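Have a look at the sequence and the 3D view first, then read on.

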Amino acid sequence: MATEAHSWAAPEVRKPLVPWTFQRRAVGPHDVSIKVAYCGVCHSDVHQVRDEWGKGIFPMVPGHEIVGHVTAVGDKVTGFKVGDTAGVGCMVDSCGECIQCKRGVEQYCQKGASFTYNSTEQDKQTPTYGGYSDHVVVTENFVVHVPKNLDLCAAAPLLCAGVTTYSPLRYWGVKKGSRVGVVGLGGLGHMAVKLASAMGAVVTVFTTSESKKAAAKDLGAHHVVISKDPAEMKQAAGTLDVIIDTVGSSHDLQPYLNTLDVDGKLALVGMPETNHPPFDAKRMISMRQCVGGSNIAGMPETQELLNFCGEHNITATVEKINIDQINEAYERMLKSDVKYRFVIDIASLKQ
Ligand code: NAP
Ligand code: ZN
């Protein structure tokens, strides 16, 4: 039987979020139903509520950093049982048959993955609704186990901010001694710092916020550069192997490319509304450098990241909020005023 879900949703583009009730599907044979405990607030939620990427589906229930407890499982489910601590990230389904799904990178599914909200199920019609809601029903292949030793609230952001930075760090071969730069110390950026330093990298943070300088070192950064200061940027020239750029608006990449050494790679994860300005191709060629992109992580790598965080005792640094603070939280994120991830206590939905 379908169940009533209580949520907060954006009724229309750019409108504040308000309480909204809708129906979740009945738990099918392969489904897991999860009572949501916490849901992280990603800058992607802000982009999509404001429809900056286009084709927004409204009402929109954002939220793709979901953790909670399993309350029901379908009769074909083998990996989860009632009471398990479980997580759901940015995807809830994919075709499962194409070459990308077969190699475990479902986010690049050739037929299009079903994202957790502002997307459709694999029927390409039924809208998906995210984790700012009291429960979710998700096919088991898109549910992960959250290590028991991690604080559940602070673990929620691992489901997007964590995997999105872990994946390019791994893909570009970061290891002990690698020199890693992180641009932007927000939700994604602070996870990149924690993860890269746990991998043994020497980490440099590029921030626009003087106020984050000291805190960046507490998070594990070895060097902090105020990116607005040309003298500090000049000093960092040619010192890095890999940069993870988390800035979510159009910006000049050249000052960051200048900090890469020969064979350096810049991975874009921040997703701007409009493109970045052009950069110096000749310099890139003469130093065999590379600019790439990376989208979240596939399901095997998502579980791998959670296990990595379990082993290294890594969680996000969070500010817990009630659901009725969500619109204010969006405004603060737009001002880079978050240290470093808002997480909604979903119990506050009842109030
Ligand atoms: P966030 O918490 O708001 O952090 C972004 C940080 O970027 C800010 O805190 C700020 O850090 C810095 N920044 C902001 N505007 C800037 C500017 N104009 N120039 C330089 N730095 C600026 O956002 P988030 O949740 O980490 O998300 C970041 C971006 O990644 C968003 O676009 C989001 O949609 C995208 N994203 C992509 C993926 C993916 O799979 N590729 C997944 C999730 C999110 P400082 O104060 O340190 O300067
Ligand atoms: Zn996200």
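## Around ligand 1

Helix α1 gives the largest share of the shell around ligand 1, with 3 residues. Both α1 and α5 (187-198) supply at least two residues of that shell each; helices here are DSSP runs (H or I, at least four residues) and strands are too (E, at least two), numbered from the N terminus. In total, 29 residues surround ligand 1, and the closest are His-43, Thr-207, Thr-208, Ser-209 and Arg-341. To be counted, a residue needs a heavy atom within 4 Å of the ligand.

What kinds of residues make up the shell around ligand 1? They divide into 10 nonpolar, 17 polar and 2 charged. In this scheme Ala, Val, Leu, Ile, Met, Phe, Trp, Tyr, Cys and Pro are nonpolar, Asp, Glu, Lys and Arg are charged, and the others, Gly among them, are polar.

## How the model is read

This is a predicted model, where local features need pLDDT of at least 70 and side-chain atom pairs count only at pLDDT 80 or more, while totals for chains, interfaces and linings use all residues. Residues are numbered from 1 along each chain as its sequence is written, chains are lettered from A and ligands numbered from 1 in the order in which they are written, and side-chain values use heavy atoms, with hydrogens and water left out.

## Contacts with ligand 1

Now for some close-ups. A polar side-chain atom of Thr-207 sits 2.5 Å from an oxygen atom of ligand 1, and a side-chain N or O atom of Thr-208 is also 2.5 Å from an oxygen atom of the ligand. On its own, ligand 1 exposes 930 Å², and the protein buries 90% of that (areas by the Shrake-Rupley method with a 1.4 Å probe).

## The zinc ion

Which residues coordinate the zinc ion (ligand 2)? They are Cys-42 (SG), His-64 (NE2) and Cys-160 (SG), at 2.0 to 2.2 Å. Donors are N, O and S atoms within 2.8 Å of the metal (3.2 Å for Na, K and Ca), and because water is not among the atoms, sites may look incomplete. Along the chain, the zinc donors follow the spacing C-x21-H-x95-C. Cys-42 lies in the loop between β3 (31-41) and α1 (43-49), and Cys-160 in the loop between α3 (152-155) and α4 (161-171), so the pair ties together parts 118 residues apart in sequence.

Cys-42 is buried at 3% relative accessible area, and Cys-160 is buried at 4%. Buried means under 20%, exposed over 50%, and partly exposed in between (1.4 Å probe, protein chains only).

How values were computed. A polar contact is a pair of N or O atoms within 3.5 Å; within protein, one must be able to donate a hydrogen and the other to accept it, and residues adjacent in sequence count only if both atoms are side-chain atoms.
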